[in-house]
Amino acid sequence: MMNRRVLLWLAPLTFLGVLFFYPFFRILAFGLSMETVKADNLQLVFHVLLFTFYQAFLSTLLTLLVGLPCAYLFSRFDFHGKSLLRALTTVPFMLPTVVVAAGFNALLGPRGWINIGLASLFNGLTHSPVPFSPIPFVGTLGAILIAHVFYNTTIVIRLVSHALSGLDPKLEHAARSLGADSRRVWGHVILPLLLPSILAASLLVFLFDFTSFGVILLLGGPTFATLEVEIYIQALQMLNLPLAALLAFIQLLCILIFSILYTRLATRVVVQSAPRSTLQHKAKTIRERIFVIAFCTLLFALFILPMLALPLRSVSSLNVLRGGGTPVLSGLTAGYYTELFINRRDSLFYVPPIQAALNSLGYAGATVILSLLLGFPAASALARPGRLERILDPILILPLGASAVTLALGFIIAFGRLLISPWVVPLAHTLVALPFVIRTLQPAIAAIPERLRQAAASLGASPFRVWQNVDWPILRRATLNAAAFAFTISLGEFGATLLLARPDYPTIPIAIYRFLSQPGALNYGQAMAMATLLMALTTAGILLIEKGRLPGTENLF
Amino acid sequence: MLKVYDLCKTYETQPLLNGISFVLGAGETICLLGPSGSGKSTLLRMIAGLEPLDAGQILWDGEDLSSTPAHLRDFGLVFQDYALFPHLNVFDNVAFGLKMKNWKSVEIRARVIEVLDLVNLRGFELRKVTDLSGGEQQRVALARALAPGPRLLMFDEPLGALDRALREELLAELRGILHRTGIPAVYVTHDQDEAFTIADRVLLLHEGQIVQQGTPAEVWSKPDSVWVAQFLGLGNVIEGNCRSQGGKSKGWEVETRFGIFDVKCGHPHQAGDKVHLLVRPRAAAGESNKIQDRVADVVFQQDGFKVRLDDGLYFYLKNEPKIGQKIEIKIKLECLG
């Protein structure tokens with residue numbers, strides 16, 4: 001038995017050991033050396049840390065402001081289009097950051113729909129020779145905050161509405177019969193019982209905002225830098241690896257503290273004595289109707305508009321008016337898409353941009369194969385945990401906690417010259433995707449009853465036939481899910497890829513980033529086109545995952 | 001005094017309550033007795049103001065309560081699964097209603113101790129409610145409802161989750177407390193032993209309507225319908241045809257598949273009418289109606305024997321007959337209409 005277990009763990013542990021733990025210790029060595037920990041560096045670290053906390057805190061606050069009423073909306077009311085709206089709010093969480101950034105850019109950016117609309121209005125009304133200057137969005141703190149709210153509201157909604165639905169309605173009845181009006185029922189009974197789940201959701205949202213990369217880089221612009229972004233800047237632009245390592249270490253420390261706090265909180269969520277879902281009703285009073293309509297509109301505006309703006313923008317051509325200023329809509333075009341196939345002489349790439357799409361697909365395929373090959377043995381071992389597994393389980397979670405940029409930094413510090421190979425990218429993607437794959441496969445494997453296998457064996461089936469006839473049919477669904485997870489994660493991965501990809505082997509997110517950082521309508525249009533492409537691919541992946549959601553994977557948090 | 005007129009409620013387009021009316025006087029305990037799912041809990045919630053009425057009126061001392069929200073009605077509620085606030089200890093649970101009325105802490109403390117004493121939970125103030133046994137939790141729930149001095153108490157199958165011995169003990173205590181405090185009470189249950197023990201008056205709920213009401217003794221001795229007789233398990237219900245009037249008791253001669261019987265009856269029947277008869281399961285000494293049959297099964301029950309005959313009727317007898325033995329029993333028959 002012991003031998004079989006060791007065999008199962010051999011591949012995944014070697015993988016993690018070489019590609020995560022070894023780089024991790026190199027980072028520590030680099031970052032904590034005497035020369036690095038000096039005054040100027042520490043001052044920079046302190047400023048960056050302060051800003052990271054600040055924006056994460058504000059984002060979390062705003063997310064709660066939007067998410068809590070929405071949780072109430074979903075758990076108490078029944079209305080037309082509820083399931084659709086609910087599904088829609090979960091999509092953003094898995095969308096790549098570049099897509100989200102591009103979407104908000106398409107809606108609120110200097111060339112985005114709001115500004116185009118305002119410009120037409122302005123010109124139509126005033127006929128003034130002074131051009132309309134667009135409302136600032138990209139490069140402001142507001143852009144970062146709004147994108148974070150877009151991403152993380154679903155966490156609050158899921159965790160809090162689950163707790164809210166689990167509250168026994170008799171507790172409210174009892175409180176009312178004892179003289180408590182609505183306000184006091186909420187203050188004395190409901191909120192105290194919801195507090196653990198609200199805190200847990202807040203902490204999780206804070207954690208995600210703390211480690212945010214793509215949003216800060218793409219929507220915040222050069223003025224804002226969180227720890228994650230600073231690591232990237234120091235590593236790639238300043239070529240100051242030791243400082244980057246120090247920053248990475250600080251970030252890992254913070255993540256570790258928050259994760260411990262979170263697991264402590266998650267165990268303290270109160271279990272209801274008689275959990276029964278509250279009956280949901282249609283809005284009756286005027287106040288309820290206004291609440292439902294207002295928040296449905298808000299959710300629609302927040303979640304659907306940016307994602308609609310993106311594809312629309314990718315097929316719209318604009319004309320710049322005489323005198324400059326914000327362009328005006330002039331018609332539809334497929335030009336940006338066709339442009340992707342052409343390799344212009346002075347382009348940002350050495351190859352036609354569509355090559356980036358092919359690279360992404362190739363990398364995603366490799367990631368799927370690698371993570372399945374490594375994930376299956378690990379999940380099999382974890383499904384029937386022994387002493388060895390209990391020690392190893394938390395170790396497997398660690399890569400999940402480390403941010404993608406840190407993982408990539410570790411690669412750079414540990415392997416330096418070996419990074420010429422384009423194979424580095426799928427290895428990094430696999431590192432990021434592996435925990436999700438294992439967590440998806442594990443409950444499925446655990447669900448195969450041992451007795452079925454024994455019955456098949458006693459009827460004369462060889463180990464392979466047993467696997468073919470008992471295990472595989474049950475695992476087929478889970479494997480598809482895990483593959484979809486790995487595929488989606490790889491397609492949208494931005495942070496690690498930015499540090500590791502060779503200039504002549506770009507991926508879609510990198511292409512979008514490059515297009516967006518250059519001026520010109522053609523570049524902008526191509527960014528929109530590529531982002532729309534990526535959005536379509538990842539949405540397909542997400543739908544595949546959601547359709548095959550197994551019980552047990554719901555608690556991925 | 002509580003007056004309920006013509007309450008109606010539909011649940012998902014099916015009628016649940018269809019014109020419920022009753023009166024509850026000062027110091028009275030009435031019991032709503034009916035099978036599970038008959039809308040008893042919904043009725044309680046409607047009276048408490050927690051559920052809207054589709055039709056009807058609720059009056060307290062002549063005043064219409066439709067404009068009074070639930071938290072101002074001063075009606076206490078005790079549930080089957082206690083519904084204690086899990087985040088508060090025993091003291092805070094019981095004190096909840098007093099806090100809502102903005103009592104001072106000194107007064108709250110005195111009252112909570114007094115009420116805990118009443119339910120035999122002295123010393124339990126600081127305990128966590130999740131640590132208590134079922135019986136203790138139910139007492140806390142009762143104390144919580146009693147503390148603010150409600151003008152009406154409503155019980156929704158409060159003893160359903162407890163074992164038999166505990167149930168009987170708590171029922172007796174509850175009866176004592178209700179008598180002592182004099183608070184009028186509406187008690188809902190599907191268990192007729194509970195109902196008969198605690199109620200001054202019993203109201204039988206069937207298919208959304210009150211089909212019979214009266215004291216336990218009245219309902220027991222004069223059931224109004226086949227359903228009441230069967231629900232209360234009063235005895236064997238058999239069918240028969242009215243043959244002719246007259247005979248010794250000036251009642252009807254009724255032909256059944258178990259024999260021809262002479263039944264005294266106050267209903268307006270005609271010859272040829274189909275009637276339902278209740279055959280009480282205890283042998284009645286002075287009766288002229290007899291039944292003869294072979295014994296099919298004998299089971300010992302408490303202080304007698306439950307004897308089932310071949311034709312399906314059952315009786316409680318003091319002496320144990322043998323299976324297959326032919327016996328004759330004098331029976332009491334009542335007409336159910």
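Let me start at a backbone detail: H10 of chain A is followed by Leu239(A), whose phi is positive, near 50 degrees. Keep in mind throughout that this is a predicted model.

What about the helix itself? H10(A) runs over residues 227–237, and eight of its eleven residues are buried, so the rest of the structure largely encloses this helix. The buried ones are Leu227(A), Glu228(A), Val229(A), Glu230(A), Ile231(A), Tyr232(A), Gln234(A) and Ala235(A).

Back to phi for a moment. Most residues other than glycine have a negative phi. Chain B has two residues to look at here. Asp61(B) has a positive phi, near 50 degrees. Asp61(B) sits in the loop that joins strand E4, residues 55–60, to strand E5, residues 63–64. Is Asp61(B) buried or exposed? Asp61(B) has 9 other C-beta atoms within 10 Å, and the limit for exposed is 12 or fewer, so Asp61(B) counts as exposed.

The second residue is Glu207(B), where phi is again positive and near 50 degrees. Glu207(B) lies in the loop between strand E9, residues 201–206, and strand E10, residues 209–214, of chain B. With 14 other C-beta atoms within 10 Å, Glu207(B) is partly exposed.

Next, helix packing in chain A. Helix H7, residues 169–177, packs on helix H8, residues 182–210, at an angle of about 135 degrees, and their axes are 10 Å apart. That angle makes H7(A) oblique to H8(A). The crossing of H7(A) past H8(A) is right-handed. Which residues make the contact? From H7(A) they are Leu171(A), Glu172(A), Ala175(A) and Arg176(A), and from H8(A) they are Val185(A), His188(A) and Val189(A). By class, this contact of H7(A) with H8(A) has four nonpolar residues, one polar and two charged.

Now the two chains together. How many residues does each chain put into the contact? Chain B gives 18 residues and chain A gives 18 residues. On the side of chain B that touches chain A, strand E6, residues 75–78, and helix H2, residues 90–100, each supply at least two residues. That side of chain B consists of twelve nonpolar, four polar and two charged residues.

Last, the division of chain B. Domain 1 covers 2–225 and domain 2 covers 235–335. The C-alpha centres of these two domains of chain B are 40 Å apart. On these bounds, both loops I described, with Asp61(B) and Glu207(B), belong to the 2–225 stretch of domain 1.

Conventions: Residues numbered from 1 in each chain as written. Chains lettered and ligands numbered in written order. Predicted model: local features only at pLDDT ≥ 70, side-chain atom pairs only at ≥ 80, totals over all residues. Domains from an automatic or database assignment. Buried ≥ 20, exposed ≤ 12 C-beta atoms within 10 Å, placed from the backbone. Helix = DSSP H or I, 4+ residues; strand = E, 2+ residues; numbered from the N terminus. Contact = placed C-beta atoms within 7 Å. Nonpolar A, V, L, I, M, F, W, Y, C, P; charged D, E, K, R; others polar. Axes fitted to C-alpha atoms, helices over the stretch in contact; angles between N-to-C directions. Parallel < 35°, antiparallel > 145°, perpendicular 65-115°, else oblique. Left-handed = near helix turned anticlockwise from the far one by under 90°.
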